[in-house]
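Biologist: I am new to this structure and would like to learn how to read it. Could we go through it feature by feature?

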Amino acid sequence: MSSGGLELPPGDSGHEGGPADAAGGTPGGVPAGAVSLAPPATGSARAGAELDWGTEAWSEVRTRAQRAGRAYIWLNLIEQRLRSVVGAVLRPVYQPVHGEDDWVVAAAGPAGQEWVQRAVAVREVSRRKGYLLDPADDNVLSFLTLPQLRELMVQHWPCFEPYFDDRREIELALDELEVTRNVVSRNRALSRPVLEQAERASARLLEVLGGGAGSPAADRLPIDAVEDLVGDRYADVISVHPDRVRLQRQLPAEDLFGGARRLDAIGIGLNLLVQNFSGRRLVRLTEAGCRVRLLFLNPASSAVKRRERELGLRKGELSRSVEMNILHVRRVRAGLRDPSRFDIHVFDETPRFTAYLVEGESSGIAVVQSYLRRARGMESPVLVLRGGGRGVPQDAEHGLFTTYREEFESVWEDSRPVS
């Protein structure tokens with residue numbers, strides 16, 4: 001007899017003449033009021049929760065893990081950068097008085113006594129158990145979390161103010177990241193909007209904390225934290241878009257061409273530049289020092305006629321469009337004080353791709369599209385390539401940016417200038 005008053009059937013209750021018969025049991029051989037411990041018969045409904053994951057469940061879990069991993073990399077970068085900034089600013093203030101081991105405790109003060117002592121305790125446990133893999137992390141500062149580093153920064157803002165202009169911007173970005181940090185640390189589902197918000201806040205915060213001088217246009221596509229991890233797998237391709245419309249949602253023409261120091265473009269009509277970047281803006285860009293070379297398909301060539309037949313256009317329709325674009329950029333060139341920095345050429349070969357090779361002060365970006373037989377340029381898939389620059393490893397063997405740069409130069413040598 002159990003404590004709940006229920007009787008467990010004996011193991012031989014199914015035998016003829018056993019206690020189950022005497023008790024007048026149920027058809028399953030279990031007396032009324034008893035709990036059966038025998039496994040269910042084959043084909044019958046199984047008791048308990050369903051433990052298997054189907055295809056949809058696995059797909060959902062994989063998506064969650066990918067988003068959490070991407071967010072974790074950004075958070076890790078921010079935490080390391082903020083730790084470096086806090087150490088660089090506060091160490092010279094507190095270390096001469098309190099020493100190497102205690103300056104963080106002194107900087108935390110009475111308000112941070114609890115969490116800094118917790119960090120000290122975790123550090124000691126890690127020391128005893130040999131968890132510290134890098135001697136550079138054998139300090140209390142390395143055991144502070146992102147909210148604690150922020151607290152140190154806020155408490156000592158007069159020390160940081162000479163280096164950063166806008167305290168409010170830093171705090172707002174850290175507030176946005178705290179939402180993501182709580183989700184990731186507790187293995188909860190991270191929605192795409194929250195992930196995208198975290199990436200924007202991280203990129204903005206890294207730019208603010210970077211302390212380097214440079215125009216925003218030069219760093220208009222901050223290097224993705226995940227890009228460095230998968231760079232060898234995808235060469236220098238940083239994004240792929242099914243058509244130019246989706247490209248321009250993510251990378252508007254102003255972000256692509258603004259701040260460029262060198263702009264080389266090759267294609268049939270170069271509509272991405274001519275129709276989405278105003279002539280006045282192109283003049284200002286050139287006057288600011290940008291070197292421009294534009295390579296159009298000759299509107300009078302047989303290649304234009306073949307392209308018109310492929311796209312089902314009326315005779316002369318494409319050639320007139322190319323002529324209008326060439327006239328537009330000629331007017332731009334005529335308005336320059338130094339027209340020698342703005343070259344316009346035409347080529348007569350079969351067009352194989354259109355490419356915009358943009359190089360700024362510190363980085364380069366290329367937008368490349370192949371020509372499809374039945375699709376206009378607006379409808380063709382787009383590759384965005386990362387060129388060389390600060391913080392971007394040069395890889396001439398595997399990079400596509402260099403390949404298209406060499407192809408442009410080859411066609412340019414065989415082209416003819418437009419007067």
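Modeller: Let us begin with contacts, meaning heavy atoms within 4.5 Å: in the protein chain, residues 24 or more positions apart account for 71% of the contacts with a separation of 6 or more. This is a predicted model, in which local features need pLDDT of at least 70 and side-chain atom pairs count only at pLDDT 80 or more, while totals for chains, interfaces and linings use all residues. Residues are numbered from 1 along each chain as its sequence is written, and side-chain values use heavy atoms, with hydrogens and water left out.

Biologist: How many helices and strands does the protein chain have?

Modeller: Helices (H or I, at least four residues) and strands (E, at least two) are DSSP runs, numbered from the N terminus, and the chain has 16 helices and 8 strands.

Biologist: How are two packed helices described?

Modeller: They are described by the angle between their axes and the distance between the axes. Axes are lines fitted to C-alpha atoms, for helices over the stretch in contact, with angles from 0 to 180 degrees between N-to-C directions; those of helix 2 (residues 55-98) and helix 5 (residues 146-155) come within 10 Å and cross at roughly 30°. Among the residues that meet there are L75, I78 and E79 in helix 2 and L146, L149 and R150 in helix 5.

Biologist: Is N298 buried or exposed?

Modeller: Buried means under 20% relative accessible area, exposed over 50%, and partly exposed in between (1.4 Å probe, protein chains only). N298 has 12%, so N298 is buried, and N298 lies in the loop between strand 3 (291-297) and helix 14 (302-311).
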